[in-house]
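Please read the following report alongside the sequence and the coordinates.

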Amino acid sequence: MLARIVSALGAQPTDTILEIGPGKGALTGLLLEAGLRVEAIEVDPTMVEHLETTWPPGTSALRVHCQDVLEADLTHWGTVTVAGNLPYYITSPILRRLFQMGASLRRAVLLMQLEVAERLVAKPGSRDYGFLSVLTQMHAKPELLFRVPPGAFHIPPKVQSAVVRLNPHRETPSVDEHFVEFVGNCFAQKRKMLRNNLKGHFAATSLDGLPEGKLRAEQLSLEELRGLWERLRRLDGSDTGTTAI
């Protein structure tokens, strides 16, 4: 499984790998064996000590940084390819930090809980499609590469896992954070109609008569949501797209 992750990175010897949460270094070792330079972010001082004992500073292409990934400057090392095993409870915040890297993110190959992986690649109208699906797909093309069974881990978890590859869009302009906020409002209460979720953010006169008003956000694609946002901005006479911002 680890070898497949290394292969999925598609990294060249000149690339820098930013590894999130290396732990005891199971993946780190294979990255180093592949001749890659690794900048590892690890929040646990005990794990940092273990890594630096295994690969003493200055003796390998590994540098370990004892930091919280949610607070670290992920653009510090220039353009990087990201690898990591993402804890379930902070998967979404980490993904948002990666998307904020812009052109510094070449690619990401991430191990995560299967439930989250399925949300990243979900299509409109499916049960798993939601805000995280749209957020991911407006920044990158997500691919669910393969599942990882509990038995693949030293201490088997009680959930299934999967490896996802994210290839950032290069041909599109930077994402407008006001649009991200709008999408969040659309999915605020997933089972509600869009008209109800957007009340308080746009004038009622702007929402009245919209053909999408009686639909739920999960029924609209990224481009359809973008089109709705642009029409509402024009109707509402707003530069930001929502009165809540």
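## Charges over aromatic rings

Arg 4 is placed over the face of Phe 146, at 3.9 Å from the ring centre. This arrangement, like everything else described here, is read from a predicted model. A second case involves Arg 233, which lies over the face of Trp 229 at 4.1 Å from the ring centre, and Trp 229 in turn belongs to an aromatic cluster together with Phe 179, Phe 182 and Phe 202.

## Aromatic pairs

A pair of aromatic rings is described by the distance of the centres and the angle of the planes. Searching the whole structure gives four aromatic pairs. In one of them, Tyr 129 and Phe 187, the ring centres are 6.1 Å apart and the planes stand at 70°, so the pair counts as edge-to-face, given that an angle over 60 degrees is required for that label. Because Tyr 129 lies in the loop between helix 5 (114-120) and helix 6 (131-139), while Phe 187 lies in the loop between helix 7 (177-186) and helix 8 (194-198), the pair ties together parts that are 58 residues apart in sequence. Tyr 129 is buried, with a relative accessible area of 1%, and Phe 187 is buried as well, with a relative accessible area of 10%.

Phe 179 and Phe 182 form an aromatic pair of the stacked kind, with 6.3 Å from centre to centre and 25° between the planes. Both residues lie in helix 7, three residues apart, which is about one turn of the helix. An α-helix has 3.6 residues a turn, so residues three or four places apart point the same way. Phe 179 and Phe 182 are both buried.

How accessible is Thr 28, buried or exposed? Thr 28, whose place is in helix 2 (residues 26-33), has a relative accessibility of 0% and therefore counts as buried, the cut-off for that class being under 20%. Once its neighbours within four places in sequence are left aside, Thr 28 is in contact with Glu 19, Pro 22, Trp 55 and Leu 62.

Ser 133, which lies in helix 6, is likewise buried, with a relative accessible area of 0%. Not counting residues up to four places away in sequence, Ser 133 touches Arg 119, Leu 120, Ala 122 and Asp 128.

## Packing of helix 4

Which residues of helix 4 (residues 91-99) are buried? They are Thr 91, Ile 94, Leu 95, Arg 97, Leu 98 and Phe 99. The buried residues of this helix pack against strand 1 (16-20), strand 4 (80-85), strand 5 (105-113) and strand 7 (161-168), and also against helix 5 and helix 6.

## The chain as a whole

The secondary structure of the chain amounts to 10 helices and seven strands, and the C-alpha trace spans about 65 × 35 × 30 Å along its principal axes. Of the 245 residues in the chain, 46% are buried. Among the contacts with a separation of 6 or more, 65% are between residues 24 or more positions apart.

The chain exposes about 12300 Å², of which carbon and sulfur atoms supply 52%.

Notes
Residues numbered from 1 in each chain as written. Predicted model: local features only at pLDDT ≥ 70, side-chain atom pairs only at ≥ 80, totals over all residues. Heavy atoms only, no water. Phe/Tyr/Trp six-rings, centres within 6.5 Å; stacked < 30°, edge-to-face > 60°. Helix = DSSP H or I, 4+ residues; strand = E, 2+ residues; numbered from the N terminus. Buried < 20%, exposed > 50% of the residue type's maximum accessible area, 1.4 Å probe, protein only. Lys NZ or Arg CZ within 6 Å of the ring centre and 35° of its normal. Contact = heavy atoms within 4.5 Å. Areas by Shrake-Rupley, 256 points an atom, 1.4 Å probe, with all protein chains shown as cover.
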